[in-house]
Structures are given as structure tokens and as C-alpha cells.
Amino acid sequence: MTDDVRNITAALASISEHWQPHRLTSINDYDVKVVKIQGEFVWHSHPETDELFLVLAGELTIQLRDRDITLGPNDIYVVPKGIEHCPKAKGEVHALLIEPIGTVNTGNAGGNMTAELRELN
């Protein structure tokens, strides 16, 4: 956690890889993360927690087993805990995520898309 002012635009500009969440800050027991998204992720769920997506730029589709949720800039959606989902984006998306500290990006799925949370420089 930092006690410095953080700028979301500058933070996203410092990220070069997709699907690599970076901690912007923490509040209580939650991380506020920024991430660049492009392509399709992996189907997964978070059995113990909800997951908040706030799209800052681009268009993100969160695939659910029974429907798709499409988010544009300034749209927010909370995937309820335990619900299997798969984010995907045709073009690059900039997003902010809020999750409990220690939440793994691939949830219960694991695999080669699992990324360790990175700190911003």
C-alpha cells in the first residue's frame, strides 16, 4: 500500500502486458488493481469472493454460463462469488478491479494465465 497520490492513467501507461494485474493501492482488506485486457481469459470462479470490474476504456465482455455482460467505459459490474465467468475483449481494455487481498486472477482454474499480483513502479 502507498500513501502517495496515484494516477490511474499513468499507472495503466506503465503496464505493457495484458492480463497482468498491478496493485494501484489497498484499502482495508481489499486491493484496487489496474489491468490491461485483450483476447480471451480462462473460465474460472472465485468461490470465496465477489469480483468488481470497472471499465475505464474499451469494451469488455464478461461471459457467464447463461449470458454475456458487456461493459463500456465507466460501466461497472460485480461478478458474484462462486459464479463461473470468462472475460474477453476484442480490442484493448483498461480496467480497475477491486478484490480481497490475495485473490488469484484465475480463481479456482489455475493454469498458465495465473499471474502474481505486481506492484506499480
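User: How many cavities of 30 Å³ or more does the structure hold?

Analyst: This is a predicted model, in which local features need pLDDT of at least 70 and side-chain atom pairs count only at pLDDT 80 or more, while totals for chains, interfaces and linings use all residues. Residues are numbered from 1 along each chain as its sequence is written, and side-chain values use heavy atoms, with hydrogens and water left out. A cavity is a set of points, on a 1 Å grid over the protein atoms alone, where a 1.4 Å probe fits but cannot get out. With a volume of 30 Å³ or more, the structure holds one.

User: What is the volume of the largest cavity, and which strands each supply at least two residues of its lining?

Analyst: A volume is the space filled by probe spheres set on the grid points, which are joined across faces, edges and corners; for the largest cavity this comes to about 130 Å³. Lining residues have an atom within 4 Å of a point, and 13 residues line this cavity, with Trp-19, Phe-41, Glu-51, Leu-97 and Asn-105 nearest its centre. Strands are DSSP runs of E with at least two residues, and helices are runs of H or I with at least four, both numbered from the N terminus. At least two lining residues each come from β2, β3 (51-57) and β7.

User: Is Trp-19 buried or exposed?

Analyst: Trp-19 lies in the loop between α1 (8-13) and β1, and has a positive phi of about 65 degrees although it is not a glycine. Buried means under 20% relative accessible area, exposed over 50%, and partly exposed in between (1.4 Å probe, protein chains only). At 10% relative accessibility, Trp-19 is buried.

User: Is Asn-74 buried or exposed?

Analyst: Asn-74 is not a glycine, yet has a positive phi of about 75 degrees. Its place is the loop between β5 (68-71) and β6 (76-79). With a relative accessibility of 63%, Asn-74 is exposed.

User: Which residues do salt bridges with shared partners join into one network?

Analyst: A salt bridge is a side-chain nitrogen of Lys or Arg within 4 Å of a carboxyl oxygen of Asp or Glu, and the count by this rule is five. One of them pairs Glu-99 with Lys-33 at 2.4 Å, N to O. Arg-23 meets Asp-31 at 2.6 Å and Glu-119 at 2.5 Å. The salt bridges that share partners join Arg-23, Asp-31 and Glu-119.

User: How many residues apart in sequence are the parts that Glu-99 and Lys-33 tie together?

Analyst: The side chains of Glu-99 and Lys-33 meet in a salt bridge. Glu-99 lies in strand β7 and Lys-33 in strand β2 (residues 30-40), so the pair ties together parts whose separation in sequence is 66 residues.

User: Which residues form the nonpolar patch on the surface?

Analyst: Patches are made of residues with over 30% relative accessible area and no salt bridge, with like charges joined within 9 Å and nonpolar side chains (Val, Leu, Ile, Met, Phe, Trp, Tyr) within 5 Å. Accessible areas come from the Shrake-Rupley method with a 1.4 Å probe, and for residues only the protein chains shown count as cover. Together the patch members have about 260 Å² of accessible area, and they are Ile-27, Tyr-30 and Ile-98.

Conventions:
1 Å grid on protein atoms, 1.4 Å probe; cavity = no way out; pocket = protein on both sides within 12 Å on 5 of 7 lines; lining within 4 Å.
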